[in-house]
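Me: I would like to go through this structure with you and ask, term by term, what stands behind each label.

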Amino acid sequence: MSEVPVLDLIIKNVRVVRPHQNAVELLDLGIKDGKFAEIAPHISPDISKEVFDAQNLLGFPGIVDAHMHVGIYQPLDRDAVTETKAAAMGGVTTSLNYIRTGQYYLNKGGSYKDFFPEVLARSQGNFFVDYGYHIAPISAQHIDEMQMLFEEYGIGSFKIFMFYGGYGLHGLSDQQNLFLMINKEERYDLAHFEFIMRGLSKLRESHPEASDRISLSLHCEVAEILNAYTKIVQQDSTLTGLKAYSAARPPHSEGLAICIASYLAHETNCLNINLLHLSSRKAVEAALMMQTVFPHINFRREVTVGHLLLDIDTPTGKWAKVNPPIRSRADVEYLWQAVLDRQIDWIVSDHACCSAEQKVNLKDPNNIWLAKSGFGGTEYLLSGVFSEGSKRGMSYNHMAELLSLNPAQRFGLRSKGNVAVGYDADLALLDPNETFVVRATESESQQGYTPFEGLELTGRVKTTFLRGNKICDRGQVIGAPRGRFCSGSHT
């Protein structure tokens, strides 16, 4: 008589890549109720309802893409479907999305008490991967709502956009109130940033059990510097395309913003700070300097796959416009060295699906100033880091730390980010020998182009599992959306 199955699924013959290990082990993975239940060199297939042979592919923990913007340029419910299908294709199993009130997103102002339940309602049943949200307190009333957001929804991650009031997505400073949909007497400025930090410190003090995962993320660019340099660069006909855009938002604007934010964090005792999408040598150097000056602050430093794969000479040009800008090849190589030297804590996509119509003005198609900022790329996150990281001698285990475990731990997702008993059975199976050329036509994203077009990458995701369910196989997304809302208190 055969044994009664005790496992739902066994994934056999996986070369398991785990964070904080020195090797890759050939193992079988036993899954029960969506969790890894048994991990061993051999698990008998007789004790499982189903068996999947991974055929010696590398098995990374499901990727935690900790910086995405689902619903920024398209309706959230529609964007979630296509963009998380793309995420699943690339081995991403958790999507953490930055969101705020004001123009774009839901195009609404007002309180998060009304706004955030609508975000969750539009999200439910539309994500192919698990998802969470980081929230930006835009108005003064939002600072008072941080406690409610934490206690009712488990939101422990908040954001400041330091560059609002400069050129770009958000309109000039005299239109700030219209863009952000805040009262005329309110300003989204350094004083507001200080009060957000004070609010966050208060929240951490009132919830010591969660103090590790209550953090503040910053987009660091100084609006006044951007305003001045944009005017100068726009009058210089010798600068065009990505070179012009980088010059208009110069690296020292990032460095200065990092120093200001870090001092404010010190002043307000706001101890968990995430410095987002560092794009340049000057930004990383400023971030490391501030870590030395304020050793009591728990800084985390982030870079994006776009800033690691693209430079100002990238042939796709305006398609790669983003804030902060794509930089010089020297900056790209400096970022890679910082990654290898373990000065960077996680790598993300900063995925923001921006349609071709919003990138190109038909009357003046090569005008970089008329293109919207941002682009998608979550589907190339793991392959991009794997391909370029491998060339530079980066270990697979280090990749797993930067792409999965580190962001999961920072944002309180205790069941994500590792292949270990008790963790969610999220897995990305990757063929380390398969080389492919990036083509937008092969992506599930509705964007229709990619700034990575034509790049040759080595290391292709073959199969993605979300909590033990196969959600993508050989480039085909499978079944209905299964993504669940997760936050620190919900995992």
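Me: How far apart are the mean positions of the positive and negative charges of the protein chain?

Reply: The mean positions of the 47 positive and 56 negative charges are 2 Å apart. Lys and Arg count as positive and Asp and Glu as negative, while His and the chain ends are not counted, and the place of a charge is NZ of Lys, CZ of Arg, CG of Asp or CD of Glu. This is a predicted model, in which local features need pLDDT of at least 70 and side-chain atom pairs count only at pLDDT 80 or more, whereas totals for chains, interfaces and linings use all residues. Residues are numbered from 1 along each chain as its sequence is written, and side-chain values use heavy atoms, with hydrogens and water left out.

Me: Why is Pro 117 called partly exposed?

Reply: Buried means under 20% relative accessible area and exposed over 50%, with partly exposed in between (1.4 Å probe, protein chains only). Pro 117 has a relative accessible area of 30%, and is therefore partly exposed. The residue lies in helix α2, residues 112-123, where a helix is a DSSP run of H or I with at least four residues and a strand a run of E with at least two, both numbered from the N terminus.

Me: Which residues does Pro 117 contact, leaving aside its neighbours within four places in sequence?

Reply: Pro 117 is in contact with Tyr 112 and Tyr 153, contact meaning heavy atoms within 4.5 Å.

Me: Why does Tyr 153 count as buried?

Reply: Its relative accessibility is 17%, so Tyr 153 counts as buried. Phe 116, with a relative accessible area of 0%, is buried too.

Me: What makes the pair of Phe 116 and Phe 485 edge-to-face?

Reply: Rings of Phe, Tyr and Trp (its six-membered ring) pair if their centres lie within 6.5 Å, and planes under 30 degrees apart count as stacked, over 60 as edge-to-face and the rest as tilted. The centres of Phe 116 and Phe 485 are 6.4 Å apart and their planes stand at 65°, so the pair is edge-to-face. Phe 116 lies in helix α2 and Phe 485 in the segment after β17 (476-477), so the pair ties together parts 369 residues apart in sequence.
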